[in-house]
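Welcome, and thanks for taking a look.

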Amino acid sequence: MKSSGKYSTAESRWAGVGPYYAMFPVSFSDRVVKNYTKCGDGVLDPFAGRGTTLFSAVTNDRIAVGSEINPVGWVYGQAKLHPAVRIDVEDRIASIGKIAHQYKTEASKLPPFFKLCYSDDVLNFLVAARNQLNWRRNKADWTAMALILVDLHGKIDSAFSNQMRQTKSMSPDYSIEWWKANKMKPPKRQPVEFMMKKIAWRYAKGDLSIDGGSIYLGDSRQILKSLSEKNKLPHGAKLLLTSPPYYGITNY
């Protein structure tokens, strides 16, 4: 359970992982899951986003199955449902840091947005992570990628990037104009040191160990048919809780 204090348990430190559009408040999904299902019931979310519904279900002893078509949402959900242990994530981040300099040339060829958004050391690290992390198949890698993405954009004192509102992070031209007009430069960061501090906070209450949840990457129309054929919810879904993909909606 995630109660007994805002960040007092391992579950509570993972529940909100992943800034994402139209995301449920965790308290809302917890309340709905508890009110409309009992322990052992199946919960389905065909548009899972960052996996909030699924996480609420498994941390309240339900069975959760969902799908997400966006890789960013999927990797957040996968990391929360199946996170690697702390030492494996730290080792993976350290290994990326050791080879980041090898990606300097590749990073230098990126469009102007990236050079104004990130310092050279950070950009080299991010390009190395993009190339090296097998986030689809490896537990340590999908967990590391999710935690990198959490702070990819944000306030200049707490993220990898130049100052950027989350709602504007998908508009490169706007960001470039803003930075130039305000004479803003990307923060100097040592990426491995930065990530180690973030990991230390995330795992401060111990490694997260939960069971009973699955999130699949792909189109829900195909995924749901496959789930039915594989009998992933043998007793069906007691609850379908989702936030459908509405065009232009950025906040729940």
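A salt bridge, as the term is used here, is a side-chain nitrogen of Lys or Arg within 4 Å of a carboxyl oxygen of Asp or Glu. R92 and D141 form such a pair, with their closest N and O atoms 2.6 Å apart. Please keep in mind that this is a predicted model.

**Salt bridges**

- How many salt bridges does a search of the whole structure find? The search finds seven, and three of them are described here, including the pair R92 and D141.
- Is D141 buried or exposed? D141 has a relative accessibility of 3%, and because buried means under 20%, D141 counts as buried.
- R92, in contrast, is partly exposed, with a relative accessible area of 21%.
- E106 and R130 also meet through their side chains in a salt bridge, at 3.2 Å from N to O. This pair links distant parts of the chain, since E106 belongs to helix α6 (residues 104–108) and R130 to helix α8 (residues 120–132), 24 residues apart.
- E106 counts as partly exposed, at 33% relative accessibility.
- K197 forms a salt bridge with E193, and here the closest N and O atoms are 3.7 Å apart. Both residues lie in helix α11 (residues 191–202); they are four residues apart, so about one helical turn separates them.
- K197 is exposed, with a relative accessible area of 56%, while E193 is partly exposed at 46%.

**Where α4 crosses α9**

- Helix α4 (residues 71–81) and helix α9 (residues 139–150) have axes that come within 8 Å and cross at roughly 120°.
- How do these two helices lie to each other? Angles of 65 to 115 degrees count as roughly perpendicular and those over 145 as roughly antiparallel, and α4 and α9 are therefore oblique to each other.
- The crossing of α4 past α9 is left-handed.
- Which residues meet here? On the α4 side they are V72, W74, V75, Y76, Q78 and A79, and on the α9 side W142, T143, M145, A146, L149 and V150.
- Sorted by type, the residues of this contact comprise ten nonpolar, two polar and no charged.

**The enclosed helix α3**

- Helix α3 (residues 52–59) is largely enclosed by the rest of the structure, because eight of its eight residues are buried.
- The buried residues of α3 are T52, T53, L54, F55, S56, A57, V58 and T59.
- What do they pack against? Their partners are the helices α1 (10–15), α2 (26–36) and α4, together with the strands β1 (42–45), β2 (63–68) and β3 (213–217).
- After α3 comes D61, which has a positive phi, near 65°.

**A look at K115**

- You can find K115 in helix α7 (residues 112–117), where K115 counts as partly exposed at 42% relative accessibility.
- Leaving aside residues up to four places away in sequence, K115 touches A107, S108, L110, L123 and P186.
- K115 and P83 are 32 residues apart along the chain, and their C-alpha atoms are separated by 31 Å.

Definitions and conventions. Residues numbered from 1 in each chain as written. Predicted model: local features only at pLDDT ≥ 70, side-chain atom pairs only at ≥ 80, totals over all residues. Heavy atoms only, no water. Axes fitted to C-alpha atoms, helices over the stretch in contact; angles between N-to-C directions. Parallel < 35°, antiparallel > 145°, perpendicular 65-115°, else oblique. Left-handed = near helix turned anticlockwise from the far one by under 90°. Contact = heavy atoms within 4.5 Å. Nonpolar A, V, L, I, M, F, W, Y, C, P; charged D, E, K, R; others polar. Buried < 20%, exposed > 50% of the residue type's maximum accessible area, 1.4 Å probe, protein only.
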